[in-house]
Amino acid sequence: MPSHRPLLHLALALSALVALTGCSAAAVAPPVSDAAQLTDDDGYIPDGSSLTLDSDLPAVRRLEPALLDALRSAAAAAAEHGAEVTIVDGWRSERYQEYLFAQAVRTYGSEEEASRWVKRGADSAHVAGAAVDIGTADAMDFLSRFGSEWGLCQTYANERWHFELLTRPGGDCPAPLADGRG
Ligand SMILES: [Zn+2]
């Protein structure tokens, strides 16, 4: 089909360019070696920053709807007690989680030791959009005391900031797990 020739030439030229530059048009994002390569689209929230639960950024927007609803309701109640519920970590991309794992390997010296502290990409509740890390001590206190009213529970004994939806509203939270890998 001669009328398609110019497009074919363009496609060939582009694939040659891709081969030359090493760039790929694939949708899979490349691995990350530096936090500077992480963006809002990875759910990355820079150190020292936090998001409110009405944020439009993926870290909040891509949380499981039931978790987000529970958090928003809890946040409204917390606000009446003077505590603002913000998050410093929410949904994360798999490549962001892998970056955190690679950091842990550097810190702990081996993948085996690192995996005691940080979950691999898809295993993380954050990657599933099923976990948040809370920003302020006031809000952590509020949620650890009253969060179960909305089904929100502290998952790990040593991570008082990490909450997941672990019971029905008004139910009992399971005892926090000893080993925090959230
Ligand atoms: Zn967490």
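Which strand is the place of Thr86? Thr86 lies in strand 2, residues 86–89. The structure is a predicted model, in which local features need pLDDT of at least 70, side-chain atom pairs count only at pLDDT 80 or more, and totals for chains, interfaces and linings use all residues. Residues are numbered from 1 along each chain as its sequence is written, and side-chain values use heavy atoms, with hydrogens and water left out.

**Overall layout**

- The protein chain has 6 helices and 5 strands; helices (H or I, at least four residues) and strands (E, at least two) are DSSP runs numbered from the N terminus.
- Along the sequence, these elements follow the pattern α-β-α-α-β-α-α-β-α-β-β.
- The protein chain has 182 residues, of which 38% count as buried; buried means under 20% relative accessible area, exposed over 50%, and partly exposed in between, with a 1.4 Å probe and protein chains only.
- Among contacts in the protein chain with a separation of 6 or more, 55% join residues 24 or more positions apart; a contact means heavy atoms within 4.5 Å.

- Thr86 counts as buried, at 5% relative accessibility.
- Leaving out residues up to four places away in sequence, Thr86 touches Ser50, Leu51, Thr52, Asp133, Ile134, Gly135 and Thr136.
- Thr39 is in the loop between helix 1 and strand 1 and is partly exposed, with a relative accessible area of 37%.
- Thr39 and Pro58 are 19 residues apart along the chain, and their C-alpha atoms are separated by 9.9 Å.

**Zinc site**

- His126 (NE2), Asp133 (OD) and His162 (ND1) coordinate the zinc ion at 2.0 to 2.1 Å.
- Donors are N, O and S atoms within 2.8 Å of the metal (3.2 Å for Na, K and Ca), and sites may look incomplete because water is not among the atoms.
- The spacing of the zinc donors along the chain is H-x6-D-x28-H.
- Two of these residues are buried: His126 has a relative accessible area of 0%, and Asp133 has a relative accessibility of 6%.

**Helix 3**

- Helix 3 covers residues 65–80, 16 residues in total, and reaches 23 Å from its first C-alpha to its last, close to the 22 Å expected at 1.5 Å a residue; the expected span is 1.5 Å times one less than the number of residues.
- Its buried residues are Leu67, Leu68, Ala70, Leu71, Ala74, Ala75, Ala77 and Ala78.
- An α-helix has 3.6 residues a turn, so residues three or four places apart point the same way.
- The cover over the buried residues of helix 3 includes helix 2 (58–61), strand 3 (131–134), helix 6 (137–146), strand 4 (152–156) and strand 5 (159–165).
- Gly82 follows helix 3 and has a positive phi, near 80°.

**Nonpolar cores**

- The largest nonpolar core has 27 residues, and those that touch the most other members are Val85, Ile87, Val132, Ile134, Leu143 and Leu152.
- Helix 2, helix 3, strand 3 and helix 6 are the elements that give two or more residues to this core, and helix 3 gives the largest share, 8 residues.
- Another core, of 5 residues, lies apart from it and has Val32, Ala35, Tyr96 and Tyr99 among its members.
- A nonpolar core is a set of buried Ala, Val, Leu, Ile, Met, Phe, Trp, Tyr and Cys residues joined through side-chain atoms within 4.5 Å.
- Leu143 is in contact with Ala74, Val85, Ile134, Leu152 and Phe163, leaving aside neighbours within four places in sequence.

**Aromatic rings and charges**

- The whole structure holds 4 aromatic pairs; rings of Phe, Tyr and Trp (its six-membered ring) pair if their centres lie within 6.5 Å, and planes under 30 degrees apart count as stacked, over 60 as edge-to-face and the rest as tilted.
- The pair of Tyr44 and Tyr96 is edge-to-face because the ring centres are 5.6 Å apart and the planes are at 75°.
- This pair links distant parts of the chain, 52 residues apart: Tyr44 is in the loop between helix 1 (5–21) and strand 1 (51–52), and Tyr96 is in helix 4 (residues 94–108).
- Tyr96 is buried, with a relative accessible area of 5%.
- The rings of Tyr108 and Trp117 are stacked, with centres 5.4 Å apart and planes at 10°.
- Tyr108 is partly exposed at 37% relative accessible area, and Trp117 is partly exposed at 31%.
- Phe142, Phe146 and Trp150 are linked into a cluster by ring pairs.
- The charged end of Arg62 sits over the ring of Trp91, 4.3 Å from its centre, and Arg92 lies over the face of Tyr96, 5.8 Å from the ring centre.
- A charge sits over a ring if NZ of Lys or CZ of Arg is within 6 Å of the ring centre and within 35 degrees of the ring normal.
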